[in-house]
Amino acid sequence: MAGNVPRGQARQRLLQTAAALFSARGIHAVGVDALAAHTGVTKRTLYQHFPSKDALIAEALASHGTIWRRWFAAELEHRAHDPAGQLLAMFDVVGQEAATADFRGCSFVNAAAELPDATHPARTVASAHKQAVLDLITALVAQLDVAEPDTLARQLKLLLEGAIVTALVDPGPQPARDARTAAAALLASPPRP
């Protein structure tokens with residue numbers, strides 16, 4: 001299959017293929033040979049674009065995060081037009097995703113679990129992604145009239161993360177539904193100073 005990628009498209013295809021394979025199979029289960037074969041490039045081409053598998057892991061995760069966050073924000077805007085509705089819609093999106101047969105949880109949590117070395121470049125990417133999700137939630141909460149918006153944002157993020165991780169272990173949309181109920185209660189009675 002090597003050599004099938006049109007000139008100039010190898011890097012982007014490698015990023016997309018790596019993100020998909022890492023998500024489906026796990027980072028350690030996917031070797032450089034498999035990445036090259038699934039992408040349709042040679043290993044030499046892979047190493048021309050990425051100095052190491054670790055660099056590819058980090059960049060694939062970063063690229064996936066950018067795409068995912070754009071998609072997630074668009075989904076929230078599509079599902080609700082007010083900040084409180086968008087905050088609750090987060091759980092609807094997660095519940096819908098968790099109901100699919102190929103749901104594998106969060107790629108960023110999975111990467112952090114597979115890469116215990118805190119200095120691995122993908123760990124920095126995973127942390128940055130989680131901060132960006134918190135920033136999105138914080139921006140929505142900031143539009144509400146609540147006394148402690150940062151506290152509420154962190155609590156909602158914790159519910160969201162818990163729903164995703166729980167759905168990985170107990171597949172289906174119920175964890176997201178339960179988290180949505182808890183989030184609605186928090187929004188109805190936000191934390192007080």
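When I say two residues are in contact, I mean heavy atoms within 4.5 Å. Okay, ground rules: this is a predicted model, where local features need pLDDT of at least 70 and side-chain atom pairs count only at pLDDT 80 or more, while totals for chains, interfaces and linings use all residues. Numbering starts from 1 along each chain as its sequence is written, and side-chain values use heavy atoms, with hydrogens and water left out.

Helices here are DSSP runs (H or I, at least four residues), numbered from the N terminus. Let's start with a pair. Pro 83, Gln 86, Leu 87 and Met 90 in helix 5 meet Ile 137, Leu 140 and Val 141 in helix 7. By type, that's six nonpolar, one polar and no charged; nonpolar covers Ala, Val, Leu, Ile, Met, Phe, Trp, Tyr, Cys and Pro, charged is Asp, Glu, Lys and Arg, and the others, Gly among them, are polar.

How do the axes of helix 5 and helix 7 cross? At roughly 150°, coming within 8 Å; the axes are lines fitted to C-alpha atoms over the stretch in contact, with angles from 0 to 180 degrees between N-to-C directions. So helix 5 and helix 7 are roughly antiparallel, which takes an angle over 145 degrees.

Next, Lys 157, over in helix 8 (residues 149–169). Buried or exposed? Buried, because its relative accessibility is 17%, and the cut-off is under 20% relative accessible area, with a 1.4 Å probe and protein chains only. Leaving out residues up to four places away in sequence, Lys 157 touches Lys 130, Leu 134 and Ile 137.

How values were computed
Helix = DSSP H or I, 4+ residues; strand = E, 2+ residues; numbered from the N terminus. Parallel < 35°, antiparallel > 145°, perpendicular 65-115°, else oblique. Buried < 20%, exposed > 50% of the residue type's maximum accessible area, 1.4 Å probe, protein only.
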